[in-house]
Amino acid sequence: MATQGGERRRPGRQRSAQAQQATLDAAGALLWEGGYAAMTMEAVAARAGVSKATVYRWWPTRIALALDALHHAAPVPTIHVTGDTWADIRALTEFDVELFVRSPLGSSIAAMAADLVAYPEGRGRFAELLGSRRAAASSVVLAAAARGDLPHDVDADLLLDVIAGVVLFRGLTEAELTDRHLDQLTDLVVRGLMPRRSGAGWQPPRSP
């Protein structure tokens, strides 16, 4: 069948794209509902309405499919730089809780670890998954450094690693993670960087 412009439609390609999207949606839904353990290739195929062979043709391993599904499902931060360094960093802790504790990534990351070791290509995809979300967070840190609230040579990645590490560890161990803990974490990060820059009459940003 030809279009008005004379180009022939390719229904097979369109159906293939729709089936791929249905597979990603199914994988994401299973990750959300039951974590990585629930996202088997059989379960994904059944939910997406495709054959298991079709799933394997697009994704050779379960971890490859999980990473692509998470790339679509994991939240991307909406960053608002307010100019209040403490409040901006505190907002980043909240985002990490959303990403590593409440989203499918948080419930799946421990179970995925062994498969990531066996699937080296997946490590790059995992870094890409986090990197696309970290770029926005880095802008908050760099803006604070530009204002002089943080050292001009602050390592934004290391600062974000500290926040993510605490949140992820507490999420994996099911340790308590309250607003008070996030306030204290923000204090540790922000105030911990201040002594190198403090001078006469200068006070670090204070928590509310």
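Modeller: A residue is buried when its relative accessible area is under 20%, exposed when over 50%, and partly exposed in between (1.4 Å probe, protein chains only). In this predicted model, local features need pLDDT of at least 70, side-chain atom pairs count only at pLDDT 80 or more, and totals for chains, interfaces and linings use all residues. Residues are numbered from 1 along each chain as its sequence is written, and side-chain values use heavy atoms, with hydrogens and water left out.

Biologist: What share of the protein chain counts as buried?

Modeller: Of its 208 residues, 39%.

Biologist: Why is G35 called buried?

Modeller: Its relative accessible area is 7%, and the cut-off is under 20%, so G35 is buried. G35 lies in the loop between helix 1 (11–34) and helix 2 (41–48). Its C-alpha atom is 8.4 Å from that of A111, 76 residues apart along the chain.

Biologist: How many helices and strands does the protein chain have?

Modeller: Nine helices and zero strands. Both are DSSP runs numbered from the N terminus: helices are H or I with at least four residues, strands E with at least two.

Biologist: What makes helix 8 roughly antiparallel to helix 9?

Modeller: The axes of helix 8 (residues 156–173) and helix 9 (residues 179–192) cross at roughly 155° and come within 11 Å. Axes are lines fitted to C-alpha atoms, for helices over the stretch in contact, and angles run from 0 to 180 degrees between N-to-C directions. Angles under 35 degrees count as roughly parallel, over 145 as roughly antiparallel, 65 to 115 as roughly perpendicular and the rest as oblique. The angle therefore makes the pair roughly antiparallel.

Biologist: Which residues of helix 8 and helix 9 meet?

Modeller: With contact meaning heavy atoms within 4.5 Å, L159, V162, I163, V166, V167 and R170 in helix 8 meet H181, L185 and V189 in helix 9. By class, this contact has seven nonpolar, one polar and one charged residues.

Biologist: Why is helix 5 called oblique to helix 9?

Modeller: Helix 5 (residues 85–102) packs against helix 9 at about 125°, with the axes 9 Å apart. That angle makes helix 5 oblique to helix 9. Residues of the contact include W86, I89 and V97 of helix 5 and L182, L185 and V189 of helix 9.

Biologist: Where does UniProt list a "DNA-binding region"?

Modeller: The unreviewed entry lists residues 40–59; such annotations may be inferred rather than shown by experiment. Over residues 40–59 the chain is 75% helix and 0% strand, with the end C-alpha atoms 12 Å apart.

Conventions: Nonpolar A, V, L, I, M, F, W, Y, C, P; charged D, E, K, R; others polar.
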